[in-house]
Amino acid sequence: MADLINYDSFSKEQWKNFYQEAQVPLTQESLQQIQAFNDRISLQDVQDIYIPLVYLISLRLAQFKRWQVVQANFLQKEPRNVPYIIGIAGSVAVGKSTTARLLAVLLRHFFSSDRIELITTDGFLYSNSELTERGIMDRKGFPESYDMKKLIQFLNDVKGGKPIVQAPTYSHQIYDIVPEEFQEINRPDVLIVEGINTLQLPSTEPIFVSDFTDFSIYVDAEAELVEQWYLERFGALLDTAFQDPANYYYPYAIGDRRAAFHMAKRIWREVDLVNLNEYILPTRSRADLIIHKTDNHLIDRLSLRKY
Ligand SMILES: Nc1ncnc2c1ncn2[C@@H]1O[C@H](COP(=O)(O)OP(=O)(O)OP(=O)(O)O)[C@@H](O)[C@H]1O
Ligand SMILES: CC(C)(CO)[C@@H](O)C(=O)NCCC(=O)O
């Protein structure tokens with residue numbers, strides 16, 4: 001990959017040998033938490049990939065904290081606890097939120113005295129009615145479908161130490177922003193921000209999400225595989241939609257399943273794949289770490305930025 005000249009690339013075997021002193025909390029509550037949200041996650045990957053990753057993050061976090069003190073001393077100010085922000089980017093359905101949740105569980109386990117929070121930038125999408133008004137309902141997920149000003153303000157408030165900052169929430173079930181529902185972020189030590197746009201540089205803003213991000217991860221996989229995961233998740237959404245007429249997928253769930261999958265394939269091809277190729281993949285070469293996944297979501301390569 002020519003765009004990755006400033007990365008060192010490692011096989012899983014190499015990566016796992018960088019640090020194996022800690023063990024996945026196999027018998028503890030954390031393991032139940034990991035499996036509770038996705039029982040298909042490979043525990044071997046958690047040990048081989050995520051344990052060294054959490055250690056790497058702990059080194060960077062310690063360095064970040066030291067730097068905050070040095071800078072405050074230079075400015076003759078009291079040092080304050082500046083939240084450390086981890087961004088997670090990648091295609092729709094590549095597994096960003098699963099990666100983010102897994103990382104949050106592990107960080108909470110290993111840094112038990114720190115407050116670890118997680119948000120998704122999906123909450124900063126315009127609502128369906130706003131998207132319709134703007135004539136871009138078929139561009140959900142594209143740069144113009146996000147209220148970037150609001151997202152930047154949110155990040156600035158969190159970084160600035162403002163107590164209780166609200167993040168709006170998005171639901172895949174209703175396929176829309178949830179009205180009047182907010183997640184409250186209260187001066188975390190670490191905030192994980194997951195979303196397709198976390199490495200984007202939208203031309204409408206003078207400042208970007210990445211200006212607030214201290215460590216960024218791009219979750220990568222071949223588009224054909226991501227399409228398969230997209231369709232699998234679509235199937236799972238259909239399966240749970242049966243019981244709930246308020247669910248966006250209810251009409252598809254009670255209708256012809258083949259027609260529903262036909263529609264999902266078309267949306268993947270015409271919306272999410274186009275978005276991946278035009279706006280998401282070009283941001284990969286800005287990530288600090290690229291995690292490459294293959295069949296069954298197994299991780300086979302990691303690329304770490306050198307400079
Ligand atoms: N490590 C993993 N092991 C097993 N399944 C996974 C893993 N990561 C993701 N999946 C599955 O892949 C699908 C997509 O994952 P996820 O919802 O995390 O993607 P996403 O990138 O956050 O998507 P979106 O941008 O649309 O919110 C889900 O069905 C999820 O259960
Ligand atoms: C909400 C996003 C943009 C990202 O998570 C995505 O899941 C989405 O809804 N994309 C729009 C096209 C589609 O329905 O797949």
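In which strand does Ser 303 lie?

**Figure 1. Ser 303 in strand S9 of the predicted model.** Ser 303 belongs to strand S9, which covers residues 299-305. The residue has 22 other C-beta atoms within 10 Å and is therefore classed as buried, the threshold being 20 or more. Beyond residues up to four places away in sequence, Ser 303 touches Leu 4, Tyr 7, Asp 8, Ser 9 and Ile 290. Ile 291 lies twelve residues from Ser 303 along the chain, and the C-alpha atoms of the two are separated by 6.7 Å.

**Figure 2. Overall fold of the protein chain, for orientation.** Nine helices and nine strands make up the secondary structure elements of the protein chain. The C-alpha trace spans about 65 × 45 × 40 Å along its principal axes. For 307 residues, a compact globule would have a radius of gyration near 19 Å, and the 20 Å of the protein chain agrees with this. Of the 307 residues, 34% count as buried. Among contacts between residues at least 6 apart in sequence, 71% join residues at least 24 apart.

**Figure 3. The segment annotated in UniProt, residues 85-233.** An unreviewed UniProt entry places the feature "domain: Phosphoribulokinase/uridine kinase" at these residues. Over residues 85-233 the chain is 30% helix and 26% strand.

**Figure 4. The shell around ligand 1.** Of the 17 residues around ligand 1, those that come nearest are Gly 95, Lys 96, Ser 97, Thr 98 and His 297. Two elements give two or more residues to this shell, namely helix H4 (96-110) and helix H7 (223-241). The largest share, four residues, comes from H7. By class, the shell around ligand 1 comprises seven nonpolar, six polar and four charged residues.

**Figure 5. The shell around ligand 2.** Val 92, Asp 122, Lys 140, Gly 141, Ile 196, Ile 267, Val 271 and Asp 272 surround ligand 2. Four residues of this shell are nonpolar, one is polar and three are charged.

**Figure 6. Ile 192 within the largest nonpolar core.** This core contains 69 residues, of which Leu 191 and Ile 192 touch the most other members. Helix H3 (residues 43-74) gives the most to the core, with seven residues. Apart from its neighbours within four places in sequence, Ile 192 is in contact with Ile 86, Ile 88, Ala 100, Leu 103, Ala 104 and Leu 118.

Figure 7. Most residues other than glycine have a negative phi. Tyr 175 is found in the loop between strand S4 (165-171) and strand S5 (176-185). With 13 C-beta neighbours inside 10 Å, Tyr 175 counts as partly exposed.

Terms used
Residues are numbered from 1 along each chain as its sequence is written. Chains are lettered from A and ligands numbered from 1 in the order in which they are written. This is a predicted model: local features need pLDDT of at least 70, side-chain atom pairs count only at pLDDT 80 or more; totals for chains, interfaces and linings use all residues. A residue is near a molecule or strand if its C-beta atom, placed from the backbone, lies within 6 Å of it. Ala, Val, Leu, Ile, Met, Phe, Trp, Tyr, Cys and Pro count as nonpolar, Asp, Glu, Lys and Arg as charged, and the others, Gly among them, as polar. A residue is buried if 20 or more other C-beta atoms lie within 10 Å of its own, exposed if 12 or fewer, and partly exposed in between; C-beta atoms are placed from the backbone. Two residues are in contact if their C-beta atoms, placed from the backbone, lie within 7 Å. The radius of gyration is taken over C-alpha atoms; the globule rule is 2.2 Å times the number of residues to the power 0.38. UniProt positions are given in the numbering used here, feature names are shortened, and annotations may be inferred rather than shown by experiment. A nonpolar core is a set of buried Ala, Val, Leu, Ile, Met, Phe, Trp, Tyr and Cys residues joined through C-beta atoms within 7 Å.
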